[in-house]
Amino acid sequence: METADPLDELLTCRLDVGRHQVEPCSIVIFGASGDLTARKLIPALYHLHASKQLPDPVRIIGFARRPKPNDAWREELKSGVETFSRTKRVDPKVWAGFAANLVYCQGEFGDPDAYARLAKLIAGFGHEPLRRNLLFYLATAPAQFAEVAGHLSSARLLRRDEPGAGWQRLVVEKPFGTDLASAQQLNSELTRFAHEKQIYRIDHYLGKETVQNILMFRFSNAIFERLWNREAVDHVQLTVSERLGVGTRGAFYEGAGALRDMVQNHLLQVMALVAMEPPVSLEAEAVRDEKVKLLKSIRRWDPSQVPAAVVRGQYLEGEVDGQPRVAYRQESRVSPGSNMETFVAAKFLVDNWRWSGVPFYLRTGKNLPLSASEVRVQFRPTPNVLFAAQCGPKLDANAITLRLPPNEGITLRFNGKIPGTSMQIRPVRMHFSYDAEFGAYTPEAYERLLLEAIEGDATLFIRRDEVEVAWSIVDPIRSAWANQPLGASEFYAAGTWGPQAVDGLLSARGHAWRNPQPTA
Ligand code: BG6
């Protein structure tokens, strides 16, 4: 393996010096018996503790309905870390140190007495910042966000605009509303109890290392940024494909579907980072201003234009990796006549100076052949002389692919002469792999996001206007589908790349999908 040039170390440049402060605080998790807490939040907090990144002192309080002694909760969480965390093995000594900070508080979300108990518990913490710096993580159903925030406010645990009262923040999970109207309502309810600056809306894609790298890659490398516009780019393809079906999440998925579950948030967020203008600084508001501007410039499809611009699909039975898969309609807690989409492919146009006329194709689906997420920027072909004249469409245009997890990396594809006496050209690749360059370790998205919320940096969280503008993009698509049962051509066999119509979306402009390739 090539050894690093010592200069690389010298040129490593730290951008967040002086930006972050970790103050002692108490973290209260509502929905402490849920899946998210066991699979993501506690493993993330455990790793932050193990790497000494959590504040000291800190308390982590689990608030949930079932009565449970502290020890039982701790044991439950330990086995969660052993099963779900990225390292699996729990170091007993590190765990003991971490578990000493875990406290359980039994209560119903709608019961004021439970919040009085919580307030008393917190008031009993000896160290002052533990009593006033409070991070409330709402790992609950969105219908309960406002209720919990209201009770926290009445119990004087959550204070809006009160200088000198420490800090209190609310972290909320998606789905944030089911359409623009419900998101606006939720936003107004929450902002009755907390200032917008206190609300941290999670999109876990923003916590992924490679998603964060999109901005670094674009704005710290002059050679690419110069080509990042309509002059050089032919079109962009963004794929998030999943090998799994909906599994045990049928009931949730019946109220969501791929458009709400993936496009409104994760895919549009990635697209915003790929296409936005450089922000004036790396501060949260500056970055989010640019994302909002980009989302606002995405052309809204009128419901009558949707059939030509968006394809939906639902999986039938099939095979993925040689394993049989049932049809979506046969999944547990799914209606046998369900019209919910498990696949979406959409063409979006960005009406701004940089991207006018460049299509962005987004697609995502469940039970596809491969789990991959990537952004492929397809450049324009060379002029039709020399090689292009002879090779025609066989002369591949250049492309750069940003591969998000799994198998993170960046690949540049260009043409090269095949060595030998004959004159032959074919595409070759230059590949940068995160694993090969930096080793296999990449922290889980939730580690980064929890730390940022504790530190009070909102850059990686979704602002109110951002969530609302994203709904305004997908709402007309959903209304075009409302009351329209899926047609026969809108189904796809599990293990394929979606319904056939998906090719037509691109071929109309002479484009073709490039499917992500398995990597070793
Ligand atoms: C979640 C969706 O937000 O993201 C799931 O609700 C989806 O349906 C998941 O499977 C995908 O996340 P990741 O990190 O595995 O790509």
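Reader: Is Lys174 buried, partly exposed or exposed?

Author: Lys174 counts as partly exposed, at 24% relative accessibility. For those words, buried is under 20% relative accessible area, exposed is over 50%, and partly exposed is in between (1.4 Å probe, protein chains only). Keep in mind that this is a predicted model, where local features need pLDDT of at least 70, side-chain atom pairs count only at pLDDT 80 or more, and totals for chains, interfaces and linings use all residues. Residues are numbered from 1 along each chain as its sequence is written, and side-chain values use heavy atoms, with hydrogens and water left out.

Reader: OK. What does the side chain of Lys174 meet in a salt bridge?

Author: The side chain of Asp261, at 3.1 Å, N to O. A salt bridge here is a side-chain nitrogen of Lys or Arg within 4 Å of a carboxyl oxygen of Asp or Glu. Lys174 lies in the loop between strand E5 (168–172) and helix H8 (180–193) and Asp261 in helix H12 (residues 257–275), so the pair ties together parts that are 87 residues apart in sequence. Those element names are DSSP runs numbered from the N terminus: helices (H or I) have at least four residues, strands (E) at least two.

Reader: And Asp261, buried or exposed?

Author: Buried, at 4% relative accessibility.

Reader: How many salt bridges are there in the whole structure?

Author: A search finds 28. Another one joins the side chains of Arg354 and Glu277, at 2.7 Å, N to O. That pair links distant parts of the chain, 77 residues apart: Arg354 is in the loop between strand E11 (343–349) and strand E12 (359–365), and Glu277 is in the loop between H12 and helix H13 (284–296). Arg354 is buried, with 13% relative accessible area, while Glu277 is partly exposed at 26%.

Reader: What about Asp351, which side chain does that one meet?

Author: Arg299, in a salt bridge of 2.9 Å, N to O. Asp351 is in the loop between E11 and E12, and Arg299 is in the loop between H13 and helix H14 (306–309), 52 residues apart. Both ends get the label partly exposed: Arg299 at 35% and Asp351 at 41%.

Reader: Which residues are linked in a network of salt bridges?

Author: Glu285, Arg288, Asp289, Arg463 and Asp465.

Reader: Changing topic: which residues make the nonpolar surface patch?

Author: Val385, Leu386, Phe387 and Ile425, with a patch of about 390 Å². Patches are made of residues with over 30% relative accessible area and no salt bridge; like charges are joined within 9 Å, and nonpolar side chains (Val, Leu, Ile, Met, Phe, Trp, Tyr) within 5 Å. The areas come from the Shrake-Rupley method with a 1.4 Å probe, and for residues only the protein chains shown count as cover. Val385 sits in the loop between strand E13 (372–379) and helix H15 (387–391).

Reader: How many residues of E13 are buried?

Author: 8 of the 8, so E13 is largely enclosed by the rest of the structure. Ala372, Glu374, Arg376 and Gln378 point one way from E13, and Ser373, Val375, Val377 and Phe379 point the other way. In a regular strand the side chains alternate between the two faces of the sheet.

Reader: Which strands does E13 pair with?

Author: E13 runs antiparallel to strand E7 (residues 233–241), with 8 bridges joining them. Strand E14 (residues 399–404) also pairs with E13 in the antiparallel sense, over 6 bridges. Two strands count as paired if DSSP finds at least two bridges between them. For instance, Gln237 has Arg376 of E13 as its bridge partner, and Ser373 has Leu404 of E14.

Reader: In what order do the 6 strands of the open sheet come?

Author: E3-E2-E1-E4-E5-E6, with parallel pairing. Strand E3 (102–106) and strand E6 (199–201) stand at the edges with a single partner strand each, so one side of each is left without a neighbour in the sheet. Within that order, strand E1 (residues 25–30) and strand E2 (residues 58–64) pair over 6 bridges in the parallel sense.

Reader: Last one: what joins the side chains of Thr411 and His431?

Author: A polar contact of 2.7 Å. That term means a pair of N or O atoms within 3.5 Å; within protein, one must be able to donate a hydrogen and the other to accept it, and residues adjacent in sequence count only if both atoms are side-chain atoms. Thr411 is in strand E15 (residues 409–417) and is buried, with a relative accessible area of 17%.
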